[in-house]
Amino acid sequence: MRQKMAGFHGLLDAWAGNLEQYAKQNAPWNDQTGHARQAIHSGVDLESDGFHLYLAHGKDYGPMLEEGTGIFGPSRQPIKPVNARVLVIPGIPNPKDPSKPLMVRQIKGMKAKPIIKPTLESHKNRLKQTIQDYWEG
């Protein structure tokens, strides 16, 4: 049984690597630094209730990529400044004075660009079958 459990851990670890590779290759966003894509990670943990295979973002803004922000995100509200009258958007020139950044009172936000859940969903049936075959074989 120990060998079977060790083999199962190896099987899940291989699956974790495949899921991670798929997620990194198919993430739907356009990279600016590449850090979000590089930080997607996976693994297998052995907990008291069994093995846990995981695929996760490694950046704090990962949930924003998955769920969207502003009117497109969970809050369904535009993004507004908290401690100022305007939001300053660095990197986007102000149309009135291109030497200054764009300043706005609110912004709609960003549509979701999920990869974690779609990766798991697209591999779920094959993973289930692989696990079933392993334990029945």
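Helices (H or I, at least four residues) and strands (E, at least two) are DSSP runs, numbered from the N terminus. On this basis the secondary structure of the protein comprises 4 helices and 4 strands, and from the N terminus the elements follow the order α-α-β-β-α-β-β-α. The radius of gyration is 21 Å, well over the 14 Å that the globule rule gives for 137 residues, so the protein is more spread out than a compact globule. That radius is taken over C-alpha atoms, and the globule rule is 2.2 Å times the number of residues to the power 0.38. Along the principal axes, the C-alpha trace spans about 70 × 25 × 25 Å.

The model is predicted: local features need pLDDT of at least 70, side-chain atom pairs count only at pLDDT 80 or more, and totals for chains, interfaces and linings use all residues. Residues are numbered from 1 along each chain as its sequence is written, and side-chain values use heavy atoms, with hydrogens and water left out.

Strands β1 (residues 41-47) and β2 (residues 50-56) run antiparallel and are joined by 7 bridges; two strands pair if DSSP finds at least two bridges between them. A hairpin through 2 residues connects β1 to β2, and G43 stands opposite Y54 in β2.

Helix α4 (residues 116-136) contains H123. This residue is buried, with a relative accessible area of 10%, where buried means under 20%, exposed over 50% and partly exposed in between (1.4 Å probe, protein chains only). Beyond its neighbours within four places in sequence, H123 is in contact with W15, L19 and Y22, contact meaning heavy atoms within 4.5 Å.
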